[in-house]
There are 2 protein chains.
Amino acid sequence: MEVCRQVDPPSKLSGMRESALLQHIYQSTSRVDRRVLIGPGDDMGMVQLTGTQLLAAVDQLIDGRHVIVAKTPLSLVGRKAMTRSLSDIAAMAAAPVACLVAATLPPDFGEERANELFDAMRDTARQYGCPLIGGDIAFHKDASYPMVCSVTVLAEPVGPRVITRGGAKIGDTICVTGPMGGSLEPDGLGRHLTFEPRIELAQQIASHYGERLHAMIDISDGLGRDASHIAKMSDVQIRLNASSIPCNPGCDWRRALRDGEDYELCFAVAGELKSQIGGSEIHPVGNVVELPQGGPHVVIKDRDLTIAASDMGWEHRKD
Amino acid sequence: MEVCRQVDPPSKLSGMRESALLQHIYQSTSRVDRRVLIGPGDDMGMVQLTGTQLLAAVDQLIDGRHVIVAKTPLSLVGRKAMTRSLSDIAAMAAAPVACLVAATLPPDFGEERANELFDAMRDTARQYGCPLIGGDIAFHKDASYPMVCSVTVLAEPVGPRVITRGGAKIGDTICVTGPMGGSLEPDGLGRHLTFEPRIELAQQIASHYGERLHAMIDISDGLGRDASHIAKMSDVQIRLNASSIPCNPGCDWRRALRDGEDYELCFAVAGELKSQIGGSEIHPVGNVVELPQGGPHVVIKDRDLTIAASDMGWEHRKD
């Protein structure tokens, strides 16, 4: 389960805290059903089926929130709707199985443009080996209401296990798979529209490290917030080093932690590190320590300063 | 895949024809992936997993379209969001596995009410053995924008096969599992909020008839339109008898065909019929004949009149 990301600058954020809502759902979701192997609260849920395990996740793409439809080619709108859900599959080091899409469109959206949007979602899904097997289309009553797409992805574990957010251990190194920050630039039309979900790389990382790979997440809300998801689920503290954070051009570590929408992987691994996996550079950015009583789940050390960083990232808040 | 249903009277319908859009998706969805056993276009898609088969479907519930949130207890809004997707599992005679929910809410929806909505979805799902394993929450920018919920349900086949919309054969009898019409009354607050998805009954029907059960659908868009889905997928004509249609109080056969939102089952079966299955009365309402060249997929015989009925049901159209 993901909290909603936001393309607005923080000053414009509105609405209640979504993670409080998600916490309610996590806590009250009973796992009395023995088939539920991973309940809400990780990148994907997992259920035991006859003879196999299935992972599933859903994400939404909302006009004006995650993308500005009027300014963005529809092929990229559809692509992003799909890739942000596919990125959840990467975060579990799993393999795509199939997807379903639902869209509510303004009544004047136009048939041709609706087709273009769905074609982009389906073609993107196919490119990642995740065929579209179902969907739903509806129209708003009012042309001013925004497009809402939801994409559900289904996946299977690769090998004996999936990599959850929980499981990071004291002494682990925290790594990321690429530079961060500035994904929405220029003007909301940046890399968040064109990133590659790290599905293959995640499988290579899981295969290379085996049991030493303890936890993983995709960086959608910003490294600060996403690292804190790992730390909270693992009951540890993550200490990041500001000087080690790989940053995109024009971004400092604060932007790298805060901007979000990078869709790189962040993982916790024990023992010796490899600097490259599958042609991608792996950047160690911090380490896992014991959680101090009442201490923040993520801190970042910038020269002499140690700064609480769990909340650096995107979330809607009350103004 | 479902076309969007509509709580407005037909005179207010607006928007393009959604089934044209769905047709585009069905036709262009290549089934090159051998794992895809049922692609878009049936009540659920189906994929082959390692050692088992998985069914999946997604449906949306939109404020002002399928429910009027301001007039409806939130417990029933959440319940309907879930039951209309669970009804797709019934339509395949499958067994629930798990579900995922996504919701976009107005920014002033309120945390307590959001919790209430999700509690209702989760509790309804649990009641039908379909645990919630994931979800997403986001907020609209503007308080005037409507709630959009999407619910994805996952299911497994019961026994050797699932019952699709295709497969009805000439000579089959068309049956329904209960009376139809008037589900939205009174004033949008009727049975569409409280119906029971026919999951157990569908399995009993499949178990009783075995190979003789050829096709099945849940009646969401109205018997006229839903019977035509069976007829089109089976390349046959369905002839309904007006006097055999079980109607809810205050409804004639035209309402039974048109109103929609009944969520009873409609199925095609060969050979001897049973009048009751699992305590539910089974109503034979028509039969399957050869499709005349260019003929309508569904006709209804009312005394001396034979009326094309494929399009009797809910769909958004251009005004």
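Good morning. In chain A, strand E8 (residues 173-176) pairs with strand E14 (residues 283-289) in the antiparallel sense, over four bridges. Please keep in mind that this is a predicted model.

Within that pairing, A:Val176 stands opposite A:His283 of E14(A). E8(A) has another partner, strand E11 (residues 265-269) of chain A, and here too the pairing is antiparallel, over four bridges. In E11(A), the residue opposite A:Cys175 is A:Phe267.

Which way do the residues of E8(A) point, and are they buried or exposed? A:Thr173 and A:Cys175 point one way, A:Ile174 and A:Val176 point the other way, and all of them are buried.

I now turn to the helices. Helix H2 (residues 74-91) and helix H3 (residues 111-127), both of chain A, pack with their axes 7 Å apart and at an angle of about 40°. Because of that angle, H2(A) is classed as oblique to H3(A). The crossing of H2(A) past H3(A) is right-handed.

Which residues of H2(A) and H3(A) make the contact? From H2(A), they include A:Leu74, A:Val77, A:Gly78, A:Ala81, A:Met82 and A:Leu86. From H3(A), they include A:Arg113, A:Glu116, A:Leu117, A:Ala120, A:Met121 and A:Thr124. Sorted by class, the contact between H2(A) and H3(A) comprises nine nonpolar, four polar and three charged residues.

To summarise, E8(A) pairs in the antiparallel sense with E14(A) and with E11(A), while H2(A) passes H3(A) in a right-handed crossing. Thank you for your attention.

Terms used
Residues numbered from 1 in each chain as written. Chains lettered and ligands numbered in written order. Predicted model: local features only at pLDDT ≥ 70, side-chain atom pairs only at ≥ 80, totals over all residues. Heavy atoms only, no water. Axes fitted to C-alpha atoms, helices over the stretch in contact; angles between N-to-C directions. Helix = DSSP H or I, 4+ residues; strand = E, 2+ residues; numbered from the N terminus. Parallel < 35°, antiparallel > 145°, perpendicular 65-115°, else oblique. Left-handed = near helix turned anticlockwise from the far one by under 90°. Contact = heavy atoms within 4.5 Å. Nonpolar A, V, L, I, M, F, W, Y, C, P; charged D, E, K, R; others polar. Buried < 20%, exposed > 50% of the residue type's maximum accessible area, 1.4 Å probe, protein only. Pairing = 2+ DSSP bridges.
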